[in-house]
Each structure stands twice: as structure tokens, then as C-alpha cells.
Amino acid sequence: MDLTWSAEEDEFRAEAREWLETNVAAWRADHGGEPTSGDTRDGFAHHLDWERRLFDGGWAVVSWPEEHGGRGASLWEWLIFEEEYYRAGCPPRVTQNGIFLLAPSIFEFGSAAQQNGILRRMAAADDLWCQGWSEPNAGSDLASVTSRAERVEGGWVLNGQKTWTTRGAFCTHLFGLFRTDPSSERHRGLTYLLVPLATEGVTVRGFGRLDGDEGFAEVFFEDAFLADDAVTGGVVLGEPEGGWSVAMATAGSERGLTLRSPGRFLATAAKLVALAQERGDDGLRRRAATAWMHADAYQQQTLMTVTKLATGAKPGAEASLTKLWWSELDIELHQIALDLLGAEAEVEGPWSKGWQFSLSGPIYAGTNEIQRNIAAERLLGLPR
Amino acid sequence: MDLTWSAEEDEFRAEAREWLETNVAAWRADHGGEPTSGDTRDGFAHHLDWERRLFDGGWAVVSWPEEHGGRGASLWEWLIFEEEYYRAGCPPRVTQNGIFLLAPSIFEFGSAAQQNGILRRMAAADDLWCQGWSEPNAGSDLASVTSRAERVEGGWVLNGQKTWTTRGAFCTHLFGLFRTDPSSERHRGLTYLLVPLATEGVTVRGFGRLDGDEGFAEVFFEDAFLADDAVTGGVVLGEPEGGWSVAMATAGSERGLTLRSPGRFLATAAKLVALAQERGDDGLRRRAATAWMHADAYQQQTLMTVTKLATGAKPGAEASLTKLWWSELDIELHQIALDLLGAEAEVEGPWSKGWQFSLSGPIYAGTNEIQRNIAAERLLGLPR
Amino acid sequence: MNFALSDDQIAFRDAARELFAKEMTPAAVRAAWDAPAGELDRGVWNSLDAMGVLSLLVPEADGGLGLDETFLVPVLEEAGRVALPHPLVETAMVAAPMVGAVGVVATNLGGAVIPCACDADQLLLRRGPSLLLLERAALEIVSVDTVDGARRGGRLPDDVTGPVVTAKHADIEAALERGALGTAAMLIGLAQTMLDMTVAYVTERKQFGVAIGSFQAVKHHLADARLALEFARPAVLRAAWSVAHDEPTRSRDVSMAKAMASDAAELVGRKALQCHGAIGYTVEYDLHLFLKRTWALSRSWGDSAHHTDNVAALLV
Amino acid sequence: MNFALSDDQIAFRDAARELFAKEMTPAAVRAAWDAPAGELDRGVWNSLDAMGVLSLLVPEADGGLGLDETFLVPVLEEAGRVALPHPLVETAMVAAPMVGAVGVVATNLGGAVIPCACDADQLLLRRGPSLLLLERAALEIVSVDTVDGARRGGRLPDDVTGPVVTAKHADIEAALERGALGTAAMLIGLAQTMLDMTVAYVTERKQFGVAIGSFQAVKHHLADARLALEFARPAVLRAAWSVAHDEPTRSRDVSMAKAMASDAAELVGRKALQCHGAIGYTVEYDLHLFLKRTWALSRSWGDSAHHTDNVAALLV
């Protein structure tokens, strides 16, 4: 047991801090001081510029191997980077769904050609990936996907509809599950496909999230021909009709260590404590301190988890607990902030925007009802 | 709409208040100032004395007809009585399971002979009734009763076991469900029987509740012969094998308006507010005020419900909401009191005793999980 | 003791319900999001005026109906059910008893912004210890972006002056009480609609081969929502009575009503959004119209903590 | 950075676990409820002494093991798992670093009563600004009835005096911190046992033809319990490190550990009782032994609100 950082890790932190503080300030200045939300058309362009600065500085994907644009950082360093990223006030990552949801599956299931063709372009924000999991009738019940791909000479013909595709209207590529065995049911007969959105027969329609930003999209496929070589290295990830296990690996990482790091909530908690000091009564200051503890506990629990992973353990169903914790923590932090703001809370601002976003946490990446089922069944062993 | 009490109701309140204040003081004085819990052997005797004083004063069962020992009070007057009862600091009713659980069924399903033979003696605390619903394997799932009664010449032979029988060790009679059709399943083939505990072959073993008082009993039946005339008017309530519908009527009243009146919680809330004034910080005073509001809201909601009943409506599944509210309110009130007491809370005293009792609220009279199911299915119409 | 609305009270409420069902659809609420400042459609407002709702609390001698808050509160619950964007609480509940029926009235009494500031005929403004009544046309109003676009919020510079309506502390306290009471009623209506929408959705929406409303977790979410509403509603109606009859407990009763209605509506909103899942999380679906109004109103005219502290102070 | 216990720390913890499994069964806890004041069985205590647990924090020069709190905290979690009635936190965690291994030590530092007051050899007493160490045999102790009968609480008259151990504020603060930390560890263990018992019960108990653990409501209750434990446990271990290494954040870390462990254990206890139903509500079943200790410890050595306020003060 040793809860101190090594000299190398301290150095890594110092380097990250300096780069991030300097560069985020420069980026902000270049976009008028306060760039608009990355989930709007204009804001997305500003945020792409940020992503490219990150890549050029070598900070886009710190934990990836150097050959794919990373710097081969350890999980510890990744945590440090995330902490510094949010402490410096850097913006949400508009490339996150590629980096955090698709890339782990590419690393695990992709051919060398796919890895070489896809990863560096993703890191550089040359290709922008959105996820195609949900359909109008496949939400929590992902296995009920009905979008289909028919095998034809030299490729696939796609039909169907995906929805709730985050930032789909601004992306260039989609990854998702398609039913390739029309006689199959549930999680059998599904293939994981990589689809350029420019493909003829693919239509993307953006629509507004709760906060009004065009953060969602529907994607329609109407006899869209997806050539086998439409993506370098091939459009099928993993085995044909083996898409479910590829998706589950992605879903595992989506729920797991990577999607929402403690650093993000530590930064919000620090802001909340400052707000409570400024305008809270005793009761509200106590609630703010409780929320701060919950954020700090997330950091400690993550350090404990990384300790286990560093000694060879595999991530397990504990990921469900992590998802429950951060999603409910995010709401707690913003709820208290709104209570501190009182009637002012209805005015548009970072807290009211963050509050609305926090409410999506218990819904996306597997609803919290599903996560509680998983925790009870897989961690406690309760009967299905 | 008129939220004032009539002159007659004010008079009733004044009369009740005077009688209760005078008599509860006298009763306390006669039993050493602070009589012990009615759920202990000694305390039960003290509390029986209180019940008999109530009966002699005409206050044991105010809402019953005069012929059975009541004073024919309206539901409004009953609410006023309950409010005054707890405001005066009167003790819990050790006769409550007969009065609130059995009597409504006797009124609805009993023959004139049963009504005349049972009710007045119950009100006078001459006969002391305990309930025999639960069995070791029939808790929430009441229909899985396996205790059985076999029809023989002149009576029934009982075998099986009941448990969680409140104050069973101190009572004289039991009411409960027995399977009389051995080939039946679930809620068919059950008969509602009235059983003197002195019957040969019936053994009662008291055991300790969470707070250590002997408030529970197991009742064993081993070839116990229950003569048809063991209870005046007959031992079967309602139709043989029609016991389920009789029990459901009782369960309805158990959950409903009558078991836990608002007055009880208003009195606790007033004490909590005083405690919070004495030793609370702002945060705890705010919590105490919230709990007080919840108690007062129960009173207002009850007045609204009684308005509906007074104009001919039947009690419905709203009773599930009432049970959820008072049981969770009781815990809230005591939780805050313990938080106010801090480390002192571990010392035995009325708040720690009340806290332990409050924790049984979400369990007995139909668990709160079952009540939420009922509310969702019957009030909101969600699919079973 | 009788907690039931009278036939007259029911008739008023039902007339409002019928009007709103016809004229205040979700599409009409969306129109209020989109209409330029100062151009809020007055169709439904004129109908309310014709029904007498706007002058319900104005004495008969002054041309009003001379009725009391127990008539107006059920109408305001109906207004909440449809998320009426017009300043009905501000006009009929707060201003009318003081200044009579003088058109659309906006006010800064309720919170940080002045809802419908540019759409009003008159502005009732608190400035220091006084209440002023000003013609809107004469004022420079700055629009404020609010989470609920139908709030149509505005602000005024601090140095505005004009004719004083009252400088009595008691008058201002009473106005604040009426505002809190009316807003509590709106919140009950909003919560009822969000619950109704959610029950309909979870009954229809299927996942894993069954309606999602058959899952126990969803049932319990919505049972909790129903529970909160069941016990908040009588508190609001009782407060209406206490204000109408100037009961000694009126301040406490109003604070309890606002605290409980705010808490209940926030809870129902959370449950509604969660049970809807992603569909509720888009502005194309109607839920957000009610959710955002709930957030605005729960913290206007005093939030739950403010009113709870008032109850605590009055319980001493 | 390494959050894992070392092999030595694990060996200590496992030895304690093994000892407790043999000697501190629920029957042994019940015996502590029943034994007359002053007659608490010392079998398990002597074994702990022989293992070196009691003098773990005593410097080697003074005959102790000279180890730190990161060794003792995992042992205390094990003590919590079996609801050990002996004053192990008071003796090994609080007193030993100040006065060495002097037998069974009871203290009034933790709260309203002195647990095991009559069973101790020594009493460590806070009186005004000083800590005194007194021979128990010389004192008049009044027994106090506590909800948890195994607490064996006592009280002393206010005017007791005796030899001063320290009058330094910092020493007393450090002792209070160690007490809160040790108690937090006990609470984690208690919570773990209550959760384990409940999982076993709901897996076995059948109603409506199925194990009650298959109902989603029960699953979600216990997922919440597991969740609270998952995030409280690292906070306690981190606080052990901070105290052992005298980190600048030690006070804040200890307060966070105690607040989170208290909240988690109270929550787990509520869920455990509810999921057990009536069977948990009797003293014949073992759950109450753990539940009542949880209630006692969650409010001893500072309750959740006290420690949360300390965190709030230290975050400025």
C-alpha cells in the first residue's frame, strides 16, 4: 500500500497541467473567449479545432500506443491526465464516442489493417465516429435490433433506422449492429459494421436534446450499399454474426472505467464547494460537502480498481456500480448548485446546462435500472 | 368546502380532551408514573387496566354503535378523538388488533349472534384477540397458508402453525385463515376461523421483537379440537371456504383509514419540533419542519378522504398510499430525532424505542414493496 | 368539515379545463417559446378574461366576481396541467386584489426574472419597501434566456420608478403569499400531467417483449410519484382556504403548500424523465415543456428550503 | 500508487478473521448481552493480545509491534464483521499509542456512554482539557441501558479525577481521529455482514413460488446497499493511510471516512431489515446484533453530520 504518486507521475502531471492550461486558454481566446457547445453545428467546429490541438500536442489519446497517436501512458497516468484535463477547465470531448466506445473494440477485435486504418485518423479527429446502438424499439433491450444488412456481391445492403445517435449530424462514420441473418432472433445473427455516413442511401437528421442543442440524430438506411472496402481494412468488425460479443465488449468499456473519469466530477465538486461558501447556509454547505465526499470517494474507488487491474484482474460487473455512482453523483452536484442559486437557476448558465446534461446520466450507457439488476445478479448472485 | 369544525365537533373534542387528560394521568399514577410497555407481560396487565377505563368511560370504540359499547361517533369525531388521544399522551392500544382488524369483518360478515357475542366483550377487553395471518412460509404471500382445519362431527380439528402473532402470548382468542379443503390451492379453500387460545392442543410461545419486548408469538396447533360453539355465535366467520374474501376485507381495513390515524404522528411531530428547537442546528430544524409538514399533510389528506367517504365513496386502493405515507413518515420522524440526539440516541428511551418500532412499519400490514405494486397496478393501471 | 369543492368551484375549474384542452395544447406552449418578445398570443387569455378568471378576486363593487382563492386555485391547477405560459398567477392571483383587472400584469415579486415581461400591459414592481405599478410600454426591458423558453423572462434596470401601489409590509407579504399559493397550484397540475404522460408511455412502450410498466422498478418509481402528489394536493387546497379566510395559520399553510408542491413536482419530474428514457430527453417530445416549467416554478416565489424554514420559524 | 494491502497486512487481517470465525460467533455476542457488568468473557481478547493486535500501534521500543493504522484498520473491519463487543478500537487504536498496552481500556471520548466501562482494567477519561488514565477498580460506575445490549455502557460521576495522560489539544484531537477511523472500519465490517446475511436470506426465502431475491425491488434495495459499501470502503482505507503517514489532509480524510461509513452502514442496515421482513424483526434472529451495533457506532465518535461539517470547514 502506497498512496503517493511517483516522481515520474508527478512530472507527467506537471507536464500535462502546463500544456492544458496554456493551450485551453489559447483555444478559448481563438474562439471568442467562451466557445459554444460542442453539440451545436458551430460549436462542434470549434471543438474539432480543440481536438486537433490535443492530437498535435500528443494528448488526444494518452493511453494508446504511440503508433496510433498516443503516448503509451499507464492507467495511472491516464487518471492523472483526466484530473488535470477537467481541473484546467478543458471542454467535453466531442470525439469521445469513437475513442471510448469504438476504439476498445478495434483494439480487441480489429485486424491490423483496421487498427492502422482507423485508429490514428480517429485520434486526429479526421474521422468522426458516432454510435449506432439504439433504434426506436431497441433501447434498454439492445438485442431487439431490427436494422438489417443483406450480403451482396462486394458488400452489404443496409436498411432500417438508428436513433439517439450522439452528435450524429456532425460525424463522418457510424459503428453499430445490424441483423445479417434475417431468421435470427435476439442477440444471434447480428454483425458489427463500420459505416461511412456519406454512403448513398444513408440519411442523417439531427434533433434537439433536452437542453435544445442538436446533440442527437436519427440515421436512416434505405437500400444503402456498403462496400466491403468502404473502411480501410474492411467494414466488419470481428466475425460476421458475431457482433453481439463485440458490442458487449464495447458496452463493457462504455460502462466501465473509461467513459466518465473521477477528474470530471472532482472539478465540478470544487466549483460547487466554492459556490456553497459564497452563498450557502449551513444546511446547503453540509449538502455540498457530502457531494464533494462522493466525488472524492469515486477517485479513491477508482484508484483501488486500477490497483486491481494493474495486478492483472479483469474489469467485471463492478463497472455497473461505477456507472450508478457517477451518474447519480453528477445529478447530486448539480441539484445542490441549483438549490444554491434558487430562483436564479432558471437563467441559462453553466449550472443549468450541466443539470440538464446530468439527467441523461441515469438513462444512457445502460439505464440505472438495468445497472442495478446487473449489480444484484452478477455481484451479489441474486437469481435472475 | 368548509375547513372548520362544527360547534358539536368542538364540543366533542373538548369532552374527549378533558376525559383523556384526567384519566390518563390517573392511570399513570396508579401504575407508578410510567407504566412499562404493553408488549411485556407486566406492562400488558397495566395496559388492560387502561383499556377497561376507556371502556367504562365510553371511549374504547367511539365509532361503534352504542349497543356494542361505542357511542356511534362519525368518522370526523373518530379523527378528533384520535388526535386528542395522542395529544394527551395516551398509550398504544393493546386491543387494537381485535378492534381494527377483526371487528370490521365481524360487522360486515358476522351473524347477529356473533356480533352480539363478540363485539362488546372485545370492546371491554374481556376477550383479547390476536391475528393469525402469517405462517413461517406465508408472509407477503398470504395465500400460501398451510395451517389446516378438518371438518369433524361438531367442530374442526386444527393442525399447523401461525407466527408473528402480535401480543399472542397475552391474548385469549385468535382469528385467522385455515385451509379446510386439503386439495385447494392459493386463496381457494380457506376458512376464516375464530379460535379460543385455551383450546386443548393449542400452544402459544411468545418471543422477542426487535426492541426485546415479547411482542410476538408463535401459535402451534396439534390436533386441536375447535367446537362449533367455542365462540358465541359460531367459530366460522362468513362462509366456509370463503375465508379469503373475509380476510381481504380485514386486510383492507388494516391498510386503510383506521390502523394508524394522523393524530398519532401529529403528536410525535410536535415533540420532534420541540426537540429540534432545543438542540438542533439550522439543517436539522429544517428537516424537522419537513417531517412536521408530512405529518400535517397526512391529516389534510385524511380529511379529504373522509370527505369522500362521508359522501358515499368506498375506500379504494388509495389505502396503499396511506400505508406507505404513515409508515415512512414514522421512520422519518424518529430518524431525525435520533440525529438530534446524536451519541445519546443509543441510550434506551422513548425515541430509541419509537425508532425501533417505526422500522416495523414498512414490513407489517403488507410490506411497502407490495403496497407500491398495488398503487402502481390499481391506481395507475400499470400492467401486472 | 368538508374538503370537497362546491358545485360552483367545480364548474369554474371544469370550464377552465375545457378551455385549456382546446386552446392550450403543447403546440400552443411551443408557440410561446417561439413568439418574439411582446408577441405572446392572447387568445386563451381573452377567453379567461371573458370567463371572469382574471377578475375573480376583484370585489364585485369594482367590477370583479368577488370570489376567493378557493375558486382560483383549482383553475390554476388546470393552468399547470397545460403549462400555460401566460402570467395568470401574477395577474389574477397577485395583482388583481390590489390593483383590479388592469390587463396582463408581470411582476418581479416571484424571483430572479420577470416572466412575460415584454408581453404585459402593466408591471408590478417591488422596489425597496414599495410596490410600483408601471405601464410596460414606457419601459426598457432586457430579455433573459431561461431554461424554459415559454417563461419569456425579462429584467429591468434598478433605477426604474413610478406610482406606488402600496408600501405596506403586510400588503407585500400577502402578495408574496398569494404568488406562492398560486404557483403551488400550478406545480400540482404540472406534476399530474407529467405523471399521466408517463403512465401512458410505460403502458405502451415495450422492451424485452413486455410493457416497461410491468417492471417492478418502473412501478415503484411511479408509485412514489403518485404518493407525493396524493399528499401535496390537499396541502395546497387547505392553504387556499386559509388565505381566503385569513386564518391565523395562513403564512405557515402557504409555505407548507409551496414546499410540498415544489418537492412533489420535482420528484414527479425526475421519475417521469427516468421512466421515459431517451424519448423524454429530446425537445421534440412534449415532456420537456412541463419539466422545465416545473424547475422554474419550484424555485420561484420561494423555493422549498425557503418555505420550509418559514414553517420552522412559525412552529416555535 | 498502490491501494492494495501488503502481504503482511493481509496476513494480520486473515489471522484476525480466522480467530473471530472461531471465537466470536453470534452466540458469543449474545453472551456479551447477558454477562453481568464486569464479567465480559476475555477469551477472544487474550487471543488478540497474543497476536499482538492490542499493541500493534505501540512502538517496538515499548514492547509493541511498532506498526501503523493501515495494519489495524483491516483487523477492525473484521471485528465489525462479527460485532465484537470488546473495546478494541478504544484499547488498540485510541489508548495504545498514548499509554501503551495496559489491559482493557474503556473511554468516554467516543460518545454519551462508556462502552464496556465495568469490564475494563483502565479508563481513559476526558475531563475538561485533559485526558486522565484511571484504574477501573477504584471507580463507581453506573450501568446504562443501551439499545445494543453488548455495548455494556456505563457512566461516571463528573467529579472523578486522577493522573493526567496529556492536556495537549493536539493529542486529544489525534485520539478522537483514531477513534473515528477505527469506528469507521468497524462499520464497514458490520455493513458487510448485514449485506451477506441478507443476500443469503433472499436467495433462500421463497414467496409466490420464487426466491424473493428474484423480485426487482429486492434486487435494487441490495444493489444500493452494495453500492454504498463499494464507495465507503476505499475512503476508510485511504484515511488509515493519511493517519499513518500524518498527511496534511488527515483530519478531512478521517471525517470523510466516518461520515461515509456511517451513512453506508445505516443504509445497508435499513435495506437488510426491510429485505428480511418479519424474521429480521425479532431478537431470536441474529441480524439485530449487527443492526443495533451499527446504530450505536454510526453516532459515536462524531455522527455523519458532525464529520460532514468538519469536511466542509476544511474545504474552505
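What is the mean pLDDT of chain C? The mean pLDDT of chain C is 97, and 100% of its residues reach 70 or more; pLDDT is the predictor's confidence in each residue, from 0 to 100. The model as a whole scores ipTM 0.97 and pTM 0.97. This is a predicted model, in which local features need pLDDT of at least 70 and side-chain atom pairs count only at pLDDT 80 or more, while totals for chains, interfaces and linings use all residues. Residues are numbered from 1 along each chain as its sequence is written, and chains are lettered from A and ligands numbered from 1 in the order in which they are written.

**View 1. The side of chain C that touches chain B.** Here 37 residues of chain C are in contact with 35 residues of chain B (contact: C-beta atoms, placed from the backbone, within 7 Å). Helix H6 (169–204), helix H7 (216–244), helix H8 (250–276) and helix H10 (304–314) of chain C each supply at least two residues of this side. Helices (H or I, at least four residues) and strands (E, at least two) are DSSP runs, numbered from the N terminus. H7(C) gives the most, with 13 residues. By type, the residues of this side of chain C divide into 22 nonpolar, 10 polar and 5 charged. Ala, Val, Leu, Ile, Met, Phe, Trp, Tyr, Cys and Pro count as nonpolar, Asp, Glu, Lys and Arg as charged, and the others, Gly among them, as polar.

**View 2. Helix H10 of chain C and its cover.** C:Ser304, C:His307, C:Thr308, C:Asn310, C:Val311 and C:Ala312 are buried in H10(C). A residue is buried if 20 or more other C-beta atoms, placed from the backbone, lie within 10 Å of its own. The cover over these residues includes H8 of chain B, together with H6, H8 and helix H9 (287–298) of chain C.

**View 3. Chain B against chain D.** In this view, 26 residues of chain B are in contact with 27 residues of chain D. The chain B side divides into 10 nonpolar, 9 polar and 7 charged residues.

**View 4. The open sheet of chain D.** Its 4 strands have the order E1-E2-E3-E6, with mixed pairing; two strands pair if DSSP finds at least two bridges between them. Strand E1 (105–107) and strand E6 (164–166) of chain D stand at the edges with a single partner strand each, so one side of each is left without a neighbour in the sheet. Neighbouring strands are turned by 30° against each other on average, direction ignored. E1(D) pairs with strand E2 (residues 122–127) of chain D in the parallel sense over 3 bridges, and D:Thr107 stands opposite D:Leu124 in E2(D). Helix H5 (residues 88–99) of chain D packs on the sheet, touching E1, E2, strand E3 (130–135) and E6 of chain D. The direction of H5(D) makes about 100° with that of E1(D); axes are lines fitted to C-alpha atoms, for helices over the stretch in contact, and angles run from 0 to 180 degrees between N-to-C directions.

**View 5. Strand E1 of chain B.** Both faces of E1(B) (residues 129–132) are covered, with B:Trp129 and B:Gln131 buried on one side and B:Cys130 and B:Gly132 on the other. E1(B) runs parallel to strand E4 (residues 173–179) of chain B, and 4 bridges join them. B:Gly132 stands opposite B:Gly176 in E4(B).

Conventions
Two residues are in contact if their C-beta atoms, placed from the backbone, lie within 7 Å. A residue is buried if 20 or more other C-beta atoms lie within 10 Å of its own, exposed if 12 or fewer, and partly exposed in between; C-beta atoms are placed from the backbone.
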